[in-house]
Amino acid sequence: MSGKDLFHAIGDARRRALLELLGERPRTVGELAAELGIAQPSVSQHITLLRELDLVSTSRRGTATVVELTAAPLRDVAAWCLDLADRHS
């Protein structure tokens, strides 16, 4: 995973909205689609990218895919931002 890819992922407004919702609690792809008012295939595409960058994990509950936030990569980004800010303050 490169930092550039991570910043690209969180740079997209819809992916940030997905991460915000998942920060509250795990949700199914269907719940995410309904809450954001976008089609399930679109949510699935965003989730695939987020999963490839280890920002989320997925599991199955019956026929539904449950998506859960993985906080560690976001902590790494936050730490990098804080370090950069500290060096230039």
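Which side chain does a polar contact of 2.7 Å join to that of Arg27? I opened my notebook with this one, and the partner is Glu35. A reminder to myself: I am working from a predicted model.

**Entry: Arg27**

Next I checked where Arg27 sits, and found it in strand E1, which covers residues 27-28. Buried or exposed, I wondered about Arg27? Its relative accessible area is 4%, and since buried means under 20%, Arg27 is buried. I then listed what Arg27 touches beyond four places in sequence: Leu21, Leu22, Leu32, Glu35, Thr65, Val66 and Val67.

**Entry: the sheet**

From Arg27 I moved on to the sheet that holds E1. I found an open sheet of 3 strands, in the order E1-E3-E2, with antiparallel pairing. E1 and E2 (56-61) are the edge strands; each has a single partner, so one side of each has no neighbour in the sheet. I followed the pairing of E2 with E3 (residues 64-69) and found 6 bridges in the antiparallel sense. Within that pairing I picked out Arg61, whose bridge partner in E3 is Ala64. Helix H2 (residues 13-24) packs on this sheet and touches E1, E2 and E3. I also noted its direction, which makes about 85° with that of E3.

**Entry: the core**

Which residues have the most contacts inside the largest nonpolar core? I wrote down Leu32, Val43, Ile47, Leu50, Leu55, Val56 and Val67, in a core of 19 residues. Helices H1 (3-11), H2, H3 (29-36) and H4 (40-52) each supply at least two residues of this core. H2 gives the most, with 4 residues. I took a look at Leu32 on its own: beyond four places in sequence, Leu32 is in contact with Leu18, Leu21, Leu22, Arg27, Val43, Ile47 and Val67. That brings me back to Arg27, which has Leu32 on its own list.

**Entry: the aromatic pair**

I searched for aromatic pairs and found 1 in the structure. The ring centres of Phe7 and Trp80 are 5.5 Å apart and the planes stand at 65°, so I logged the pair as edge-to-face. Phe7 belongs to helix H1 and Trp80 to helix H5 (residues 72-87), so the pair ties together parts 73 residues apart in sequence. I checked accessibility too: Phe7 is partly exposed at 36%, and Trp80 is partly exposed with a relative accessible area of 44%.

Note on methods. Residues numbered from 1 in each chain as written. Predicted model: local features only at pLDDT ≥ 70, side-chain atom pairs only at ≥ 80, totals over all residues. Heavy atoms only, no water. Buried < 20%, exposed > 50% of the residue type's maximum accessible area, 1.4 Å probe, protein only. Polar contact = N/O pair within 3.5 Å; in protein donor to acceptor, adjacent residues only side chain to side chain. Contact = heavy atoms within 4.5 Å. Pairing = 2+ DSSP bridges. Axes fitted to C-alpha atoms, helices over the stretch in contact; angles between N-to-C directions. Core = buried A, V, L, I, M, F, W, Y, C linked by side-chain atoms within 4.5 Å. Phe/Tyr/Trp six-rings, centres within 6.5 Å; stacked < 30°, edge-to-face > 60°.
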